[in-house]
Amino acid sequence: MYLEIHKTAEEKMKKTVKVFQDELKSIRAGRANPSLLDRVMVNYYGTPTPLKQISNVSAPEPRSLLIQPWDASAIADIEKAIQVADLGLNPSNDGKVVRISIPQLTEERRKDIIKVLKKVTEEAKVAIRNERRDANDGLKKMEKAGDLTEDDLKLAEDQVQKLTDKYIEEIEKLRVKKEEEIMEV
């Protein structure tokens, strides 16, 4: 019975870590990565469409991205969408493809990116802690209903805390790895 609460909490914590990993991909480090543009939405024939659904995005060199739209008429819209996305990137096109040079990060820009990284990390940790709180609330309700003894409640809460610690540690490892990637020159 309380194992179900643990299973649900762990699934939610795993999803939180997955969302955090996806957010890390969109945080720019010093090198070109096609996932930088994953959140870019292009106004394609009046419909907001993810960039990767209307083009091929590749990184032919460490400091450049190449966007090849399947419909050449969308190039201007793609350029505009990248500028509006406020990623600090300046696209240019030759009529067939859009090129983006990834500038070297300045020390100040790296520090700004790390501030964003820490904010995103803290949000992920808060989400994990919220899952812990929800699981513990569920366990306390089971105890009040007479489905759990006080000792079982304590054991179950300890297991929830172990899950919480495990996933917060995983998030912290991901943050450290991303921070190293941002700081490398």
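1. A residue is called buried when its relative accessible area is under 20%, and exposed when that area is over 50%. The structure is a predicted model, and in its helix α3, which spans residues 75-84, the buried residues are Ile75, Ile78, Glu79, Ala81 and Ile82.

2. Viewed down the axis of α3, these buried residues fall within an arc of 165°, so they line one face of the helix. An α-helix has 3.6 residues a turn, so residues three or four places apart point the same way. On the other side of α3, by contrast, Ala76, Lys80 and Val84 are exposed.

3. The buried residues of α3 pack against several elements, namely the helix α2 (51-54) together with β1 (41-44), β3 (55-61), β4 (64-69), β5 (91-93) and β6 (98-101). After the helix comes aspartate 86, which has a positive phi, near 55°.

4. The largest nonpolar core has 20 residues, and those with the most contacts inside it are Leu37, Val40, Leu51, Ile67, Ile78, Ile82 and Ile100. Two or more residues of this core come from each of α2, β4, α3 and β6, with α3 giving the most, four residues. In soluble globular proteins, nonpolar side chains tend to be buried together.

5. Leaving aside residues up to four places away in sequence, isoleucine 67 touches Ile78 and Ile82, and also Leu37, Leu51, Ser55, Asn56, Val57, Val97, Val98 and Ile100.

Technical notes. Residues numbered from 1 in each chain as written. Predicted model: local features only at pLDDT ≥ 70, side-chain atom pairs only at ≥ 80, totals over all residues. Heavy atoms only, no water. Buried < 20%, exposed > 50% of the residue type's maximum accessible area, 1.4 Å probe, protein only. Arc of directions from axis to C-beta. Contact = heavy atoms within 4.5 Å. Core = buried A, V, L, I, M, F, W, Y, C linked by side-chain atoms within 4.5 Å.
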